[in-house]
Amino acid sequence: RDAKPDDAGKGILNTAIRNSERLNSIVTDILDFSKLQSGKLVFHQENVTAGEIAKEAADSMKAWAGSKGLALKVTLEPEVSRVYADKRRTVQILINLISNAIKFTPQGGSIEISVHNGRGTQAGFVFFAVKDSGFGINKTDQARIFEKFVQVASGEKIGGTGLGLAITKAMVVMQGGRIIVESEPGRGSTFSVTMPA
């Protein structure tokens with residue numbers, strides 16, 4: 001049996017998945033930016049399971065990651081604490097970070113979402129990390145990536161608003177959390193979000 005029609009169909013489906021994810025990302029960014037500007041971005045914080053947040057975000061991104069041939073996995077520390085957060089918004093925070101990782105990680109790469117308890121002076125927080133094997137970010141650009149309308153990483157030639165990380169940082173800070181990036185050109189990036197336990 002000739003497998004070419006199946007291959008062509010998979011290609012069309014993968015393209016549709018990727019384009020729909022990109023469009024959804026742009027629309028969400030614009031709506032959230034508008035709410036931030038008008039002070040209407042509301043958070044409903046409660047005690048929620050950190051592992052559920054990570055798994056829900058990863059599950060929603062699996063199809064897009066798969067269409068690029070990227071391995072996407074979640075690693076949870078045993079007995080990780082619950083977090084005091086707006087579950088829907090915190091899932092969105094991770095989706096934004098995973099989305100960026102997918103955009104800037106070449107085919108065949110990997111993305112890992114991990115969750116662990118803070119230790120020592122960070123004991124009152126839970127850490128979510130999104131680590132990719134992508135292109136990485138120059139040190140000079142790392143301070144700028146959380147600004148509005150800034151795009152500095154090189155990857156797929158794709159459209160975007162340049163708002164994703166600015167919105168993500170705002171949503172983290174407004175919940176009493178913190179976001180940092182560790183990266184090196186050619187060695188990938190790790191975005192870490194701390195949220196109150």
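A polar contact is taken here as a pair of N or O atoms within 3.5 Å, where, within protein, one atom must be able to donate a hydrogen and the other to accept it, and where residues adjacent in sequence count only if both atoms are side-chain atoms. By this criterion, the side chain of Ser67 reaches the backbone oxygen of Trp64 at 2.7 Å. The model is predicted, with local features requiring pLDDT of at least 70 and side-chain atom pairs pLDDT 80 or more, whereas totals for chains, interfaces and linings use all residues. Residues are numbered from 1 along each chain as its sequence is written, and side-chain values use heavy atoms, with hydrogens and water left out.

The protein chain contains 5 helices and 7 strands, these being DSSP runs numbered from the N terminus (helices H or I, at least four residues; strands E, at least two). Along the sequence, these elements follow the pattern α-β-α-β-β-α-β-β-α-α-β-β. Of the 197 residues in the protein chain, 45% are buried, that is, under 20% relative accessible area with a 1.4 Å probe, protein chains only.

Ser67 is placed in helix α2, which covers residues 50–67, and is buried, with a relative accessible area of 9%. Helix α3 (residues 87–103) has 17 residues and spans 24 Å from its first C-alpha to its last, close to the 24 Å expected at 1.5 Å a residue, the expectation being 1.5 Å times one less than the number of residues. This helix is mostly covered, since 14 of its 17 residues are buried. At its start, a side-chain oxygen of Asp86 comes to within 3.1 Å of the backbone nitrogen of Arg88.

The largest nonpolar core has 42 residues, among which Val83 and Phe128 touch the most other members; such a core is a set of buried Ala, Val, Leu, Ile, Met, Phe, Trp, Tyr and Cys residues joined through side-chain atoms within 4.5 Å. Its largest share, 8 residues, comes from α2. Leaving aside residues up to four places away in sequence, the contacts of Val83 include Ile53, Val126, Phe128 and Met195, contact meaning heavy atoms within 4.5 Å.

The structure holds 1 aromatic pair, rings of Phe, Tyr and Trp (its six-membered ring) being paired if their centres lie within 6.5 Å, and classed as stacked under 30 degrees, edge-to-face over 60 and tilted for the rest. The ring centres of Phe146 and Phe191 lie 6.3 Å apart with planes at 80°, so the pair is edge-to-face. Because Phe146 lies in the loop between α4 (139–142) and α5 (164–173) and Phe191 in strand β7 (residues 189–196), the pair ties together parts 45 residues apart in sequence.

Definitions and conventions
Buried means under 20% relative accessible area, exposed over 50%, partly exposed in between (1.4 Å probe, protein chains only).
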